[in-house]
Amino acid sequence: MNQDQPTCHSASPEPSPSETFVAFTAGLWKQNPVFVMVLGMCPTLAITNSVRNAIAMGLATTFVMASANAFISMVRKLVPKQVRIATYISMIATSVTIVDYLVKAISIPVYKALGPFIPLIVSNCLTLERAESYAGKNPIGKSILDGLGMGLGFTFALTCLGTVREVLGAGTFLGFPLFGSNFEPWVLFLLPPGGFITLAMWLLTFTLWRERSDKRKRAREAALEKPVEIAS
Amino acid sequence: MKPVIELRTSPHLHAPRSVETIMRNVVYALLPICAYAVWLFGASALALLVTTTAACVATEIFICKMSGRESSVGDFSVIITGLLLGLILPPGFPLWMAAVGGFIAVAPGKMLFGGLGFNVFNPALVARAFLQAAFPVAIMGYTPALAVHRLSEFIPTTFAIPLIKAAPLAGWIEKTRVDAFSGATPLMLEKFDHVHSELWPLLIGQRAGSSGETPALLIFLCGAYLILRRFMDWRIPAAMLTSALVSSAAFYFSDPSRYPNPFFMLLSGGMMLGAMFMATDPVASPVTPLGIWIYGSLIGLITVLIRLKGGLAEGVMYAILLANAMSPLIDNVTQPRSYGARGKEVA
């Protein structure tokens with residue numbers, strides 16, 4: 001859980017992207033909640049059977065995280081350490097209640113499709129993790145950006161899963177048929193095992209990708225450090 | 001000078017016997033069944049067997065290359081997986097789905113665990129379970145054996161375009177059927193239509209079913225070859241068939257009008273192929289003798305329960321997969337007392 005946080009005290013010698021920028025982009029890619037931190041698996045597996053549900057769930061979580069991070073960052077110096085978790089959770093729960101009513105007001109079908117999973121955002125470990133490890137230690141602006149970045153990264157991951165599962169499982173993308181009416185659906189991908197298989201495949205893909213780029217980076221750094229030996 | 005006494009460490013084997021020899025002999029034992037399947041179901045069965053084997057071999061080569069390992073195709077185990085997968089699919093199964101199955105069998109079913117010797121489940125059954133969950137309609141597309149033009153023309157579903165629904169089979173079955181054959185397997189007839197089947201066609205395999213599961217007698221003989229050459233443990237098929245016979249006899253004698261003849265249970269579906277070639281997977285079955293008896297009886301019992309009490313017509317696949325999952329546990333509780341240890345102490 002304790003990975004390198006892109007926190008404000010990351011004193012980098014060379015001119016790097018500003019800390020505010022890093023706060024936002026960390027969640028999108030480098031610390032993607034699903035593909036890197038492997039947090040929030042419950043909605044990731046349960047709600048990604050269609051792209052629409054995945055995006056709705058992702059955006060709901062984004063909103064919850066941005067607003068909860070803002071609240072928590074505001075009171076971070078007032079809350080005694082012993083009761084911080086309870087405080088964080090009640091703030092997250094407040095945001096979740098707001099989102100619950102918002103989704104209901106915007107679209108009843110989406111609300112019904114997401115079912116109990118919107119109230120369950122409150123128990124998504126991702127929200128509490130960000131509150132504990134980021135919003136409770138950082139100023140309000142950066143906390144909001146962190147919440148937004150993490151939320152959008154989560155949305156991106158959910159959409160990745162939802163795309164594979166909807167295209168293979170129903171032959172549609174966002175409800176738009178891709179293969180005509182004679183499509184042979186892979187029923188499995190709409191069922192829970194399909195969620196696990198798809199998640200595993202995406203994790204594999206992104207891990208391979210990350211390892212490759214890390215290797216290239218190390219090779220580049222090594223080449224910079226050592227003067228290139230001219231082959232005899 | 002020649003040494004007077006040659007000292008070697010154990011194991012003291014009389015004959016050189018490697019994984020490769022055993023696996024090659026299993027392939028030999030499977031070939032008559034494949035040939036008979038092609039004769040029964042025609043060109044489609046041949047295409048199916050070739051596709052599954054090619055897909056399995058290609059996946060293994062690809063994964064070995066990707067993970068920088070030496071290619072393990074040479075030990076023949078992947079060919080067994082491919083042939084078995086072809087034998088447990090319906091003969092008219094669309095080839096593109098069969099290729100997907102071959103990939104699933106080898107990539108997640110075997111290589112992800114670390115290759116031969118590490119797989120928890122029988123790879124071919126993993127693929128079959130995946131295909132059954134993914135394409136529930138296609139996997140029920142059974143066609144009658146000995147159709148008229150089977151050797152010269154393909155079953156129409158064989159060449160279904162990937163991702164597109166195959167043409168319905170009913171018309172083709174109507175056109176080519178001989179006497180009273182229908183597309184349903186004897187187990188489906190028994191379960192859903194309460195039609196009893198004769199035992200003789202089951203014995204020689206002239207019935208609808210997966211391409212290689214039908215000739216019970218031939219499968220038994222091929223298995224017997226492996227048992228006689230001691231390439232597999234006779235206890236597994238013995239335990240599985242006995243337990244299936246006993247448990248289905250118990251059902252039969254409790255109410256002969258409702259439950260089928262126990263010998264029908266033994267000869268129908270994939271019971272014989274499962275007992276001889278699937279449950280005997282040397283990696284996924286227990287090693288202690290007592291454990292093997294427990295494992296085999298468990299498979300027979302679960303199969304009968306699924307067939308008679310469950311929603312599915314056939315239960316061999318899930319029974320074997322379940323028993324595979326339990327085999328480490330079975331091994332653990334049936335460890336023999338180690339020499340010199342007191343009571344139930346485990347070494």
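Start with one handy rule: a residue is buried if 20 or more other C-beta atoms lie within 10 Å of its own, exposed if 12 or fewer, and partly exposed in between, with the C-beta atoms placed from the backbone. A word on what you're looking at: this is a predicted model, in which local features need pLDDT of at least 70 and side-chain atom pairs count only at pLDDT 80 or more, while totals for chains, interfaces and linings use all residues. Residues are numbered from 1 along each chain as its sequence is written, and chains are lettered from A and ligands numbered from 1 in the order in which they are written.

**Stop 1: R230(B).** Select R230(B) and try the rule: is it buried or exposed? R230(B) is exposed, because 11 other C-beta atoms lie within 10 Å. You'll find R230(B) in the loop between α9 (216–228) and α10 (235–254) of chain B. Helices here are DSSP runs (H or I, at least four residues), strands are too (E, at least two), and both are numbered from the N terminus. The phi of R230(B) is near 60°, a positive value in a residue other than glycine.

**Stop 2: F76(B).** Now hop to the loop between α2 (43–66) and α3 (77–87) of chain B, where F76(B) sits. F76(B) also has a positive phi without being glycine, near 70°. F76(B) counts as buried because it has 20 C-beta neighbours inside 10 Å.

Stop 3: Zoom out and colour by secondary structure: chain B has 14 helices and 0 strands. Its radius of gyration (taken over C-alpha atoms) is 21 Å, close to the 20 Å that the globule rule gives for 347 residues, so chain B is as compact as a globular protein of that length. That rule is 2.2 Å times the number of residues to the power 0.38. Along the principal axes, the C-alpha atoms fill a box of roughly 75 × 55 × 35 Å. Buried residues make up 48% of the 347 residues in chain B.

**Stop 4: a helix pair.** Select α2(B) together with α4 (residues 95–106) of chain B. Their axes come within 8 Å and cross at roughly 35°. (Axes are lines fitted to C-alpha atoms, for helices over the stretch in contact, and angles run from 0 to 180 degrees between N-to-C directions.) Two residues are in contact if their C-beta atoms, placed from the backbone, lie within 7 Å. Among the residues that meet are A47(B), L48(B) and T51(B) from α2(B), and L95(B), A98(B) and F103(B) from α4(B).

**Stop 5: two domains.** Where they meet, 35 residues of domain 1 are in contact with 30 residues of domain 2. Which helix gives the most to the domain 1 side? Select α1(B), which supplies 12 residues.

**Last stop: the neighbour.** Finally, bring up chain A: 9 of its residues are in contact with 8 residues of chain B. The chain B side divides into 7 nonpolar, no polar and 1 charged. Here Ala, Val, Leu, Ile, Met, Phe, Trp, Tyr, Cys and Pro count as nonpolar, Asp, Glu, Lys and Arg as charged, and the others, Gly among them, as polar.
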